[in-house]
Amino acid sequence: MVNKTDFIASLAKGLQVIEAFRAEHPRLAIADVAEATGLDRATARRCLLTLHELGYADYDGKFFTLTPRVLRLGMGTLAALPLAQVVQPWLDQLSERIGQSTSVAILDETEIVYLARAAQRRVMSIGLMPGSRLPAHSTSLGRVLLAALPEHEARAIVERSDLTPRTALSLTHPDDIMDRIRLARADGHALIDQEVEIGLRSIAVPLYSTSGRVVAALNTGVAAVQAAPGELETLYLPALLKVQDGLRRVLRG
């Protein structure tokens with residue numbers, strides 16, 4: 001526990017404000033930030049205007065949006081992670097071999113965080129890059145990571161997740177989501193059919209360290225017009241498993 005005299009409340013509030021911006025709501029008014037963070041409007045306003053003054057946010061008189069400068073806060077750390085450095089050349093090679101985009105992510109509470117990515121073509125309306133976040137419960141990467149946890153821990157994460165559907169195919173009941181997580185645990189991989197975004201299918205496998213611990217997940221995403229859900233296993237799973245096996249020999253943790 002940090003001593004109260006060492007805790008900088010204003011810094012904590014500023015970080016809360018930055019975290020209020022997400023891919024699904026990149027433009028926020030002062031009232032939006034106050035509601036999302038629990039801060040009063042005056043505090044939210046001061047934090048936002050400070051971010052604007054420092055170049056971390058744009059302001060059009062009503063809405064604030066984060067600028068690329070905010071990436072400086074996390075990109076250096078992500079790039080320095082040994083895991084990201086190790087997997088990137090494997091991702092690049094895999095992406096070239098299968099002709100599809102590939103990604104590696106880790107679990108952070110109810111979300112996945114992308115650590116590395118090799119993009120062949122854009123199949124999502126939002127651009128994904130290291131540092132991007134998506135809900136764990138509705139992604140192939142997230143489901144294999146949740147499958148690596150004890151049942152009660154995975155369910156607790158699902159229960160406290162925002163289960164608002166992203167598409168008409170999104171699963172929204174914890175029991176249904178847990179069924180898919182159990183299936184991923186049994187199969188050793190997870191398939192997602194347009195639950196994150198219409199037109200996107202993906203398949204993911206866990207990545208193991210040399211000690212046998214799941215440390216991340218690897219996936220590829222394809223346009224729904226390119227392959228039926230069941231075809232993903234035939235077309236892409238062997239290549240994913242080959243990278244999984246290769247990385248098992250070099251990943252620490």
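**Surface.** I began with the accessible surface of this predicted model, and I noted that the protein exposes about 13200 Å², of which carbon and sulfur atoms supply 54%. I then turned to burial, and found that buried residues make up 44% of the 253 residues in the protein.

**Charges.** I looked up where the charges lie on average, and the mean positions of the 28 positive and 28 negative charges come out 4 Å apart.

**Fold and dimensions.** I went through the secondary structure, which comes to ten helices and eight strands. The radius of gyration is 19 Å, close to the 18 Å that the globule rule gives for 253 residues, so I recorded the protein as being as compact as a globular protein of that length. Taken along the principal axes, the C-alpha atoms fill a box of roughly 55 × 40 × 35 Å. I also checked the contacts between residues at least 6 apart in sequence, and 58% of these join residues at least 24 apart.

**Domains.** The domain assignment that I consulted gives domain 1 as 9–73 and domain 2 as 81–248, and the centres of domain 1 and domain 2, taken over C-alpha atoms, are separated by 29 Å.

**Helix 6.** I wanted to know how many of the residues of helix 6 (residues 140–147) are buried. Eight of the eight are, so I wrote down that helix 6 is largely enclosed by the rest of the structure. For this step I took buried to mean under 20% relative accessible area. The buried residues that I listed for helix 6 are Ser140, Leu141, Gly142, Arg143, Val144, Leu145, Leu146 and Ala147.

Note on methods. Residues are numbered from 1 along each chain as its sequence is written. This is a predicted model: local features need pLDDT of at least 70, side-chain atom pairs count only at pLDDT 80 or more; totals for chains, interfaces and linings use all residues. Side-chain values use heavy atoms; hydrogens and water are left out. Helices (H or I, at least four residues) and strands (E, at least two) are DSSP runs, numbered from the N terminus. The radius of gyration is taken over C-alpha atoms; the globule rule is 2.2 Å times the number of residues to the power 0.38. Buried means under 20% relative accessible area, exposed over 50%, partly exposed in between (1.4 Å probe, protein chains only). Contact means heavy atoms within 4.5 Å. Accessible areas come from the Shrake-Rupley method with a 1.4 Å probe; for residues, only the protein chains shown count as cover. Lys and Arg count as positive and Asp and Glu as negative; His and the chain ends are not counted. The place of a charge is taken as NZ of Lys, CZ of Arg, CG of Asp or CD of Glu. Domain bounds come from an automatic or database domain assignment.
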